[in-house]
Amino acid sequence: MVIELINTGTELLIGRTLNTHQQWIGAELAGHGYALERQVTVPDTGPAIESAAREALTRAQWVMVTGGLGPTSDDLTRDLIAGLVGVPLQTDPEVVKHLEEFCRRRGRALNESIRRQAQVPQGAMVLQNRHGTAPGMVMLVPPGRFQAGPAWLVMLPGPPRELRPMVREQLIPLLKRLSPLSRPFAGRVLRLTGIGESQVEARIESALAPLVGSGLRVAYCARPGEVDLRFDAIGSTAAGLVASAVEIALGAVGDWVFGEDEEELEQVVVRKLRSHSATLATAESCTGGFLAHRVTNVPGASEVFRGGWITYANEAKRQWLGVLATDLETHGAVSAGVVVQMAEGARKNAGSDYALAVTGIAGPGGGSEAKPVGTAYIALAGPRGTQVLRVVNPWDRLTFKQVTAQQALDLLRRELDSRKDSAPDNPQGCGR
Ligand code: ATP
Ligand code: MG
């Protein structure tokens, strides 16, 4: 079965917006065993969208078009696609209700241009938009129109926060129901931190070789501070192959596995803190609040996160966290002694069970032979004492922050895992 994707939007072509739909939808389909065969990006103009859809419909059984469903004059997709397939637009009363409710909740008037989004091609299935106004639509293109067989034409809204839940919760189940895979598929992603992708490969490659010979596919995806290790297979032995691969990987590199699939390290840490009924505080210099930002991105963080300090200046470290002036002068702000006092000061001031502290040299200036750019000290103060980590992350400032925050969170993850009262709280059963 052929699936093609058409992303509409002039902003994607002139580089004002990164086309994340292509990557995200491709990964989402792959995660369910479906392959995206072709992708094209076209400007928001009528002829471009029309010719791309027409061409894709001669080949693909599923054509997905993103963007251009909104209320403004450059939003042409709905009208064009309906015209191309040759069906009239009709007002969908359910969508009108949704639009009315959406506007009422936000204290906005339901004007004509918003109401236009309730126009749905006759016979199309509607995908509800929980996060916006324009619904998604799925149309059956009858056999003989563009190709011998039938095809499904899908329209999805442009904003990622509207498109993603719609794809995951409504489109993928529909795709599986209407076009089930001809052979079983199995896939899992292990997420690792603190180890590079080539090191992961070196440790598992030979053990996995027989499984690869039997059809297992292995893929690595490295991002700042983490590596995704993906296994998948097709056919009657798929589930067994993937399960064996996961077992081998956990045996060889399980120490670095923090989670599975989409779970982020901060989610794992918040989950583990909650399961221990433990609280956290942060004291940050070089990460400038990024660590607290990541923790507070997790729903339910308020149960475990007490607060944090951004102590960028020496004076702030002294005044708010009680770091000794003599240590700042003798050892410098980027030192083991200072980071320990930051963590212990934060833990004491916040009254938390744990405190993470970070201090480092983000660069590009400020490095020395003994402490090159990228040097950071991370401390974790907790009920069992204080641990310090020295790392060197010589990347650009943002990557430096990401990687350093990752290392700090991982220090806490490992500490929580090694507690005597640590219960196996990982629902996917991975980790150490
Ligand atoms: P709206 O109702 O917001 O107009 P729409 O369905 O008409 O939604 P567009 O106007 O095409 O969609 O895009 C809306 C927003 O979504 C824009 O900010 C756009 O940059 C973003 N967007 C659209 N397509 C993509 C994409 N492929 N990747 C990432 N962002 C995208
Ligand atoms: Mg728009």
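This is a predicted model: local features need pLDDT of at least 70, side-chain atom pairs count only at pLDDT 80 or more; totals for chains, interfaces and linings use all residues.

Author: Start with the word pocket. On a 1 Å grid over the protein atoms alone, a pocket is an open set of points with protein on both sides within 12 Å along at least five of seven lines; a cavity is a set of points where a 1.4 Å probe fits but cannot get out; lining residues have an atom within 4 Å of a point. Grid points are joined across faces, edges and corners, and a volume is the space filled by probe spheres set on the points. Residues are numbered from 1 along each chain as its sequence is written.

Reader: What makes a residue part of the lining of the second largest pocket?

Author: An atom within 4 Å of a point. The second largest pocket has 27 such residues, and Glu-11, Gly-67, Gly-68, Gly-158 and Pro-159 lie nearest its centre. Helix H1 (10-13), H2 and H7 each give two or more residues to this lining. Helices here are DSSP runs (H or I, at least four residues), strands are runs of E (at least two), and both are numbered from the N terminus.

Reader: How many residues line the largest pocket, and which lie nearest its centre?

Author: It is lined by 30 residues, with Ala-27, Arg-223, Asp-228, Asp-261 and Glu-262 nearest the centre. Its volume is about 1,100 Å³. H2 gives the most to the lining, with five residues.

Reader: What classes do the lining residues of the largest pocket divide into?

Author: Nine are nonpolar, six polar and 15 charged. Ala, Val, Leu, Ile, Met, Phe, Trp, Tyr, Cys and Pro count as nonpolar, Asp, Glu, Lys and Arg as charged, and the others, Gly among them, as polar. The second largest pocket has a lining of eight nonpolar, 14 polar and five charged residues.

Reader: Why do S10 and S11 count as paired?

Author: Two strands pair if DSSP finds at least two bridges between them. S10 and S11 have seven, in the antiparallel sense, so they count as paired. Tyr-220 has Leu-229 in S11 as its bridge partner. Two residues lie between the strands of this hairpin, where Gly-225 takes a positive phi near 80°.

Reader: How many cavities of 30 Å³ or more are there?

Author: One. The largest cavity holds about 30 Å³ of space. Its lining includes Gln-128, His-131 and Glu-169. By class, that lining has two nonpolar, four polar and three charged residues.

How values were computed. Chains are lettered from A and ligands numbered from 1 in the order in which they are written. Side-chain values use heavy atoms; hydrogens and water are left out.
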